[in-house]
Amino acid sequence: MYKPDDHILVIFGASGDLTRRKLIYALRELQKLDLLPGKFAVLGIGRSAYTDDSYREMIAENLDDPGEILPQLHYLSMDPEDEKAYPGLAAHLAGMSSSMQMDPNYIFYLATPPSLYGAIPHHLSKVGLTREGGGTWRRIIIEKPFGTDFQSARALNASLLELLQEHQIFRIDHYLGKETVQNVLVTRFSNGIFEPLWNRNFVDHVEVTSSENLGVGSRGGYYDHSGALRDMLQNHLLQLVGLVAMEPPTVISSDAIRNEVLKVFQAIRPIRGDEIRKRVIRGQYMASSVRGETLKGYREEEGVPANSRTETFVAMKLFIDNWRWGGVPFYIRTGKRLPTRVTEIVIHFKPSPHTLFDELHPGHGQGNLLVIRIQPDEGILLKFGMKVQGAGYKVQEVNMDFHYKDLMDSYIPEAYQRLLLDCMQGDSTLYARGDAVEAAWKFVDPILKAWKEDPAIPLHGYPCGTWGPEVADQIIEGEEQSWRYPCKNLADDGLYCEL
Ligand code: BG6
């Protein structure tokens, strides 16, 4: 690991939730690991009237053990929408970098409402803050959501590309920052044994699940305009599909990897017309009592209209029309207020072609499973059949598994830690590229449109604490096939969930 160049990280939205909960924590971790540059400062920007000192106090109250990061935090109170404030920002940054005797390298992190993603880069550019040259660099990190549909994402890309070059734009998809998500690439491409099987000849179907046990909490106002399809599927889940399904890149470089992910997105067969009703299921959680606790329905959440038709669950079946995956269904689902928090990718291999042995637990005969657990209990598991000791040939399913927690050094960095460091080093591999974001929206758009325009497409209610609408099971093809339900002992403790 080499240290990034000296720079100032400018955070718009400096008193917001993301900055307090994730960004400063990530910086504190990077500092502990000695990965921040020798000369480094954070300049928080927002409308709130903090001074450097009161900003540091506010951060300290929100962070266990702030370590040594506080002295590096600074604050400038300004209205990010006000173009006239930007010459002052430019002067402030120039003053900071000259007093610290460092090159004026800047990262601008837009942790703001998306309505400012157009204005801030424009105003920065007007005062020359996006211009690189003479060995200095300027980068912009944009939080999700990147657009709300294909048109808006395309317009946002176009407006950014008028001001900046693609290598300066870092579009966050925090799932790509997760250690276990990156491990999908390593599992596939550093081992000789998986790749030969990783195609339509041996894979029956692929499942991607990202479930949360929490509801929308205080984010109802945002979420109601978004819904699970925009909030989770268009970005996080499709990125996972991209990494699972991509062809091997020729080298590990940001463009080589992202070219392959883009090709996957471009090959996903559009879901249109009647297929939407058949292959895409949407649901919304309803009040229920889970292990003695009464949980609100989505429509009772703060900031959510009582007649909201926003989905908090979505499941779909999709196909990737290329040589590797022709005819292999990919089932993906995500939802809030499901029984537990778990994200995993499950590769279902085809069964052996001829059944010779009795199954002790019928089910294994359906084929081996490879489970890539993204979170929690991060790890990988292969399920296969083994002979039961004793007479005859009975087969039972057993697990071969690896858990990160068993490693000597089982420290798993937070996604934002990795992503911030990568941006500081100018590496955009784990950031979404503009063309891929547009391709993902292009796939999702007809579904959003149909849901909006056709009230006959049902929105299924599901009680909190269940795996979503039961009809979601019907999109799985084949007898005796169903989603993998990763929780054990659900009746005793719904949060216990192991590989
Ligand atoms: C965010 C979504 O992008 O991802 C949230 O906006 C969701 O609604 C979150 O809860 C899930 O992230 P993680 O890392 O907890 O799986």
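View 1. Helices (H or I, at least four residues) and strands (E, at least two) are DSSP runs, numbered from the N terminus. The structure is a predicted model, in which local features need pLDDT of at least 70, side-chain atom pairs count only at pLDDT 80 or more, and totals for chains, interfaces and linings use all residues. Residues are numbered from 1 along each chain as its sequence is written, and side-chain values use heavy atoms, with hydrogens and water left out. Although D65 is not a glycine, its phi is positive, at about 50°. For comparison, most residues other than glycine have a negative phi, and most peptide bonds are trans. With a relative accessibility of 45%, D65 counts as partly exposed; the classes are buried (under 20% relative accessible area), exposed (over 50%) and partly exposed (in between), with a 1.4 Å probe and protein chains only.

**View 2. The loop between β15 and β16, with P376 and D377.** Here you can look at P376, placed in the loop between β15 (369-375) and β16. The peptide bond leading from Q375 to P376 is cis, and its omega is near -15°. D377 lies in the loop between β15 and β16 too. This residue, D377, is not a glycine, yet it has a positive phi of about 45°. D377 is buried, its relative accessible area being 18%.

**View 3. G379 in strand β16.** G379 belongs to β16 (residues 379-387). It counts as buried because its relative accessibility is 2%. From C-alpha to C-alpha, G379 and L164 are 39 Å apart in space, and 215 residues apart in sequence.

**View 4. The cis bond at P145.** P145 is in the loop between β5 and α5 (150-163). The K144 to P145 peptide bond is cis, and its omega is near 0°.

**View 5. Helix α3 and its two sides.** Helix α3 covers residues 86-99, and its end C-alpha atoms are 20 Å apart, which agrees with the 20 Å that 14 residues should span at 1.5 Å a residue. The expected span is 1.5 Å times one less than the number of residues. Which residues of α3 are buried? They are Y86, L89, A90, L93, M96 and S97. These residues lie on the same side of α3 because they cover an arc of only 130° around the axis, an arc taken from the directions from the helix axis to the C-beta atoms. A91, S98 and S99, on the other side of α3, are exposed. The buried residues of α3 pack against β1 (7-12), β2 (40-46), β3 (73-77), β4 (106-110) and α4 (119-126), where contact means heavy atoms within 4.5 Å. Just after α3 comes Q101, with a positive phi of about 55°.

**View 6. The enclosed helix α11.** Nine of the 10 residues of α11 (residues 415-424) are buried, so the helix is largely enclosed by the rest of the structure. The buried residues include A415, Y416, L419 and C423. Among the packing partners of the buried residues of α11 are α1 (17-32), β5 (138-142) and β6 (169-171). Just after α11, G426 has a positive phi of about 80°.

**View 7. The largest cavity.** The structure holds two cavities of 30 Å³ or more. The largest cavity contains about 160 Å³ of space. Its lining has 19 residues, and the closest to its centre are F146, D173, Q234, N235 and V437. Both α8 (228-245) and α12 supply at least two residues each to the lining of the largest cavity. On a 1 Å grid over the protein atoms alone, a cavity is a set of points where a 1.4 Å probe fits but cannot get out, and a pocket is an open set with protein on both sides within 12 Å along at least five of seven lines; lining residues have an atom within 4 Å of a point. Grid points are joined across faces, edges and corners, and a volume is the space filled by probe spheres set on the points.

**View 8. The second largest pocket.** The second largest pocket contains about 420 Å³ of space. Of its 17 lining residues, R230, L448, K449, W451 and K452 are the closest to its centre. Which helix gives the most to the lining of the second largest pocket? Helix α12 (residues 434-453) does, with seven residues.
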